[in-house]
Amino acid sequence: MGVRELKDRQVIVVIHRFGGLIFGNYMNYNTVIDHSQNDVIYFVNENGYKDIAEYKEQAAKIVRFERLEQQDELDQAMFEVVSTYGPIDHLISLSEFDMDVAAFLRTKYAIPGVDEQQVQLYRNKVEMKKRLQEHSIRTPYFIDFTTSDEVLAFAKKVNYPLILKPKVSAASIGVKSVHSDADLEEFLTTISLADYEAEEFVEGTIFHIDGIVNKGKIEFISVSRYVGSCLDFSKGKPCGSILITKDKNLRQRIVDFTDRSLKALELSEGSFHMELIHKQEKELVFLEIGARFGGAEIPFFLLDRFGIHLGEETVKILLGTFTGVPEADLNIHGGFLQIPEPQNTPLEVIHVTSLKEQIPEIFSEVIPNAGDIMDGSGSYYHISGRFMFDGQSEDQVEQAIFKSIQLFHLEGKPLEKIKI
């Protein structure tokens, strides 16, 4: 890709889908993009359109899509944008679910940034692990299988339980733990073998690492250990995390491991969310990575604890306007907890007991109101409860989280499922 001619006005395309009461209130592009000095074009779905309503008149163009997954439609819209405004200087896409189409558009229209080849390192679990192994970074043993016999033979080598994951997915969607040949064979009949990989189960504490990187240098990094896991959450169990403050040596090992992984994966600009396992509390093992800021409560929690807005800083890095962030205080304590929707949805909420009134460490609580309908589609947001914690130590935060799990109670009235 050649060097682009510097222009007074840049053409910036933003793909935005978040919407609603969650990320819609989190990400305001008008605070980090000068719409008066640049031609800013938005590709949005209905929720995304609502998000930019306050500054939509400042946009050079807004293209609305029923579904942002329609690559052909976005391709045609990009062709029209290029025909009108000229070459695109930046294509910004902050959602995991838009990374593939954004990479396709960058490749086709010679837009700087992560292209179709590079995006595989952040979206495809097989490709990211292959690359890390080439750099001698420990990952789970895995197999990219095409037949049932291959994965059954692999199970005999690594033993059960075995973890099967879609090669491309997020938030533990489609992940399955199997414990026997019978379980494995049954599950294999329900999936497309070409879409899955299998890996060993690694026993140990799971951590998530979140931050921003600019020109290959980590500018901000947060290290937290999970209480529960994303997979637990998908099965109806609470999930949260706690900032690591007690074991400074472990934290530094994780930071160093993360830095090596980012460099191996060529993730040098923007935000990242990475997960790893501390196997038997000795060996660090890579789990997976996303070239975007973490979901669930993570960006809101880090904004409160550290004053770092991962979304805004990511956009600044991508536009070349990043000026740095304050160094993170390693003695800040805190954590969050998310309690999923009940398993017997749909239901109408009758009552939810406030935990904030009982547990002083809780400084933020979001719980449903009586009369709200829970239909099983709440993801990490419209759920039974979302809580953020403060404390004087890592242990105090952990105790408050476990106490919250014990005390939480939601009463609901089952509803009949709507037949389509």
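Q: In which strand is Ile277 found?

A: Helices (H or I, at least four residues) and strands (E, at least two) are DSSP runs numbered from the N terminus, and Ile277 is found in strand S12, which covers residues 270-279. This is a predicted model, in which local features need pLDDT of at least 70, side-chain atom pairs count only at pLDDT 80 or more, and totals for chains, interfaces and linings use all residues. Residues are numbered from 1 along each chain as its sequence is written, and side-chain values use heavy atoms, with hydrogens and water left out.

Q: Does Ile277 count as buried or exposed?

A: Buried means under 20% relative accessible area, exposed over 50%, and partly exposed in between, with a 1.4 Å probe and protein chains only; Ile277 counts as buried because its relative accessibility is 5%.

Q: Which way do the residues of strand S4 point?

A: In a regular strand the side chains alternate between the two faces of the sheet. In strand S4 (residues 90-93), His90 and Ile92 point one way while Leu91 and Ser93 point the other way, and all are buried.

Q: In what order do the four strands of the open sheet stand?

A: Two strands pair if DSSP finds at least two bridges between them, and here the order is S3-S2-S1-S4, with parallel pairing. Strand S3 (61-64) and S4 stand at the edges with a single partner strand each, so one side of each is left without a neighbour in the sheet. Strand S1 (residues 11-16) is joined to S4 by four bridges; Val14 stands opposite Ile92 in S4, and Ile15 opposite Ser93.
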